[in-house]
Amino acid sequence: MKTLEKTSFKKAFIKKVEEVSGEDFSESTTQHQYQALSELVMEEITAEWAANNSRLHKMEEKQIYFFSIEFLIGRLLKAYINNLGWDGVVSEVLCELGLDYEAIQAREHDPALGNGGLGRLMACFLDSTAAMGFPGHGNGIRYKFGLFEQKIINNEQVEVADNWLKNGYPFEIAKPDKSVVVKYKGNVRTEMVNGKLVFIHENYEPVLAVPYDVPVQGYHNKTVNSLRLWSAQPVEDFDLSTFNQGHFLKAMQRRSEAEAISQILYPNDNGFEGKQLRLKQEYFFVCAGLKRIVRRYKKFNHGSMDGFSDKICIHINDTHPALCVPELMRILIDEENYEWDKAWDMTVKSISFTNHTVLPEALEKWPIDMVKELLPRVYQIIEEINRRFVNDMNWYYPDQEARNYSISILKDGQVHMAHLAIIGSHSVNGVAELHSKILREETFKDFYAVFPERFHSVTNGVTPRRFLMGSNPHLKTLLNETIGADWTRPNQLTSLEALLPYASDTAFCEKLGAVKHRNKAHLAEYIKKSQGIELNPDSIFDIQVKRIHEYKRQLLNALHIMYLYNALKADPNMDFVPKTYIFAGKAAPSYYYAKEVIRLINVIADKVNNDSAVSDRLKVVFVPNFNVSVAEMIYPAAEISEQISTAGKEASGTGNMKFMMNGAVTLGTMDGANVEIAEAVGMDNIFTFGLSDVEVANYNAHGGYRSLDIYESGPRVREVLEQLINGFFGNTSTFQSIYDSLLIHNDPYFVLKDFASYADIQSTSSSVYRDQKRWLQMSAVNIAHSGMFSSDRSIADYQREIWKIKPFIYEEEIL
Ligand code: NTF
């Protein structure tokens, strides 16, 4: 890779703009400039990409394939430019040409091919894998419509289709010649061929899977990996036989049924919706992805699959790709003629599995009849895997029949996908220490008893290239000036610990405060422009951004704001540090309760922001359409990071890490990775509150706690609860379902139980904030200890513990 030369880049850019616009450069629009810049970047990357692919064909290194139903990659133009080391020259040239680099970047439609944590984690992992210079690729679905765009109209969430491909997408390459056929439905016939039973899948409905590859560029190195996204198309443009018989409508229907598979991303986060189309999607990218991997492996290994599991890791991201287990078995047995035992050994050795949630409503269970009808041969294999597993268990543990049944794949008329994933892989891991403990001791405890050696823990991480270096340039500069640039190298983020001595250095802290203030002002400007709300950048920016979900408890935050509002109204002279509460996040369109929480927050914002008695001290904003780009603007501006889930429910959280890296102080429960953040920074540099996971579990074991006790004993809380239903927000605006959940349905997420403790810690944090020196010291300590939350570290852990590949050695290839 060559470094970019300014004059030749300027010339090439002008020429490219004229090519894409067909007009003189002076007539070009931002859209043309964006297209031209994207094309130049792609030309550079694709040259290296080809070289990389041919290196990988030699199959000397073990390769990782991440199978995931979501890849929430975010905008790529700036990330590519930074990774190529072109950032300095590109900014300078665009500035000299009088162009606005930020506006050019904003032309890129942020691809929303994921809901939240699980999909974004995959994007961070791809980034880290490439940054660390080894082969790891993504395999998923090219949804025509990504996650809906969220608008807030009359305080409510309104969903708008996300037609992200309408202007084309410059960073993908279609590879129709690499298309494969995926087969659904039909029946399985058996035949004896040379004394061997052969399974023939016939009368199936074929769908064409067409791959689109997106390059994943390493950081300042020559690695370019691939994210392969599959698009579903009818096998022939028209189903000619049907068409010729005059059944035009039927032919068209087949076509749209095929296309439907990759039409839309299911908008649920942490929730399972057992629709047949979703099951089709799951098999679609599993079947297509494995087919290409196997073909390629055989092509470069003399047609043999023997060494497959030594060279290929199939990493399945939650259970959506769990059909990899029976599908790989099907390939090995039906197509490659392996015996069952050998095929099973190869399958289990190749596959590893990460679990991302313990919420029971998110665990996938498919009706047996549905799987049987849609995937007849795959189902037969699942049945056989289950039969052998149950036999083995009954043999080894003859006195444990109930336990043996409880861990089988097929039970109660359903296929239990997590069981399939655990039984069919050599490794299962949780995504934070606490989560992994809950998997071992609760969710999968019966499996842990049988396969203790399979259980691992790898704490999540986030890419500092996007979430610190890319999105917080002023902080990056300050860090470089203070401790040098070592921390910017892949897998070196722990070098930020060199910042620790500066945490008590007044001059450094002042600069840190100035960077934060500038980022707050930048966010305030965006909010002013987009929502017309004026914020005070001197107030505390207290931020909760994530999916809206009962267990994440945005409601606790909202009720507390009502409580503060009441207190300010009751005592206008109250001693109060001005606060700005910022929320963002989407609710699943069918999740009524979560949408009510969004409405509540917006109604509170209206009330508070329009009350001149308080609005100079208290402000509330709900930023619409939370996505990766909005996130990148929000994290750098945060001072308090709200991570307030009911303990035991949030597997890890990754927003908590992004906030921390940008110097926000966590205010949270001891849940998910918050526990490890607390360990890293020490209890003096985090605000924790609330029940522990064990306390929550104990209450639940005894039917919960009595929420009315809190209502009865606390007048302040009672006032807030009554305001939900007494017309406080205007006669038409009541929140009966929220009130009922808290008081009639006994508050299953312990919102009221944790309320007092939350209010206390909120007030403590405000007192600490008054001492800016102390606050900035906390902020610096958080940044300094954020190194272990880099996804480079997570990937290094996976390499060592799970994929068993040689440790990473960083070699800088440009700079
Ligand atoms: C999410 N799970 C968890 O809710 C987060 O705590 C975690 O940080 C991320 O995964 C990444 O591991 C999901 O998105 C899902 F889909 F599994 F529910």
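Which exposed residues does the face of helix H29 turned away from its buried side carry? They are Pro 715 and Glu 722. This briefing describes a predicted model.

**Helix H29**

- Helix H29 spans residues 715-723, and its buried residues are Val 717, Val 720, Leu 721 and Gln 723.
- An α-helix has 3.6 residues a turn, so residues three or four places apart point the same way.
- Pro 715 and Glu 722 are exposed, on the face turned away from the buried side of H29.

**Around the ligand**

- There are 18 residues around the ligand, and those that come nearest are Gly 117, Leu 118, His 356, Thr 357 and Ser 652.
- By type, the residues of this shell divide into 10 polar, 5 nonpolar and 3 charged.
- Domain 2 (60-74 + 110-364 + 427-460) and domain 3 (464-690 + 754-787) each supply at least three residues to the shell.

- Strand E16 consists of residues 427-430 and is covered on both faces.
- Ser 427 and Asn 429 are buried on one side of E16, while Val 428 and Gly 430 are buried on the other.
- Strand E12 (residues 351-354) runs parallel to E16 and is joined to it by 3 bridges.
- Thr 354 has Asn 429 of E16 as its bridge partner.
- E16 is also joined by 3 bridges to strand E17 (residues 455-457), again in parallel.
- Val 428 has Phe 455 of E17 as its bridge partner.

**The sheet of 6 strands**

- An open sheet contains 6 strands in the order E20-E19-E18-E21-E22-E23, and their pairing is parallel.
- Strands E20 (618-623) and E23 (687-688) stand at the edges of this sheet; each has a single partner strand, so one side of each has no neighbour in the sheet.
- Strand E19 (residues 579-584) and E20 run parallel and are joined by 6 bridges.
- Across this pairing, Thr 580 stands opposite Lys 619 in E20.

Notes
Residues are numbered from 1 along each chain as its sequence is written. This is a predicted model: local features need pLDDT of at least 70, side-chain atom pairs count only at pLDDT 80 or more; totals for chains, interfaces and linings use all residues. A residue is buried if 20 or more other C-beta atoms lie within 10 Å of its own, exposed if 12 or fewer, and partly exposed in between; C-beta atoms are placed from the backbone. Helices (H or I, at least four residues) and strands (E, at least two) are DSSP runs, numbered from the N terminus. A residue is near a molecule or strand if its C-beta atom, placed from the backbone, lies within 6 Å of it. Ala, Val, Leu, Ile, Met, Phe, Trp, Tyr, Cys and Pro count as nonpolar, Asp, Glu, Lys and Arg as charged, and the others, Gly among them, as polar. Domain bounds come from an automatic or database domain assignment. Two strands pair if DSSP finds at least two bridges between them.
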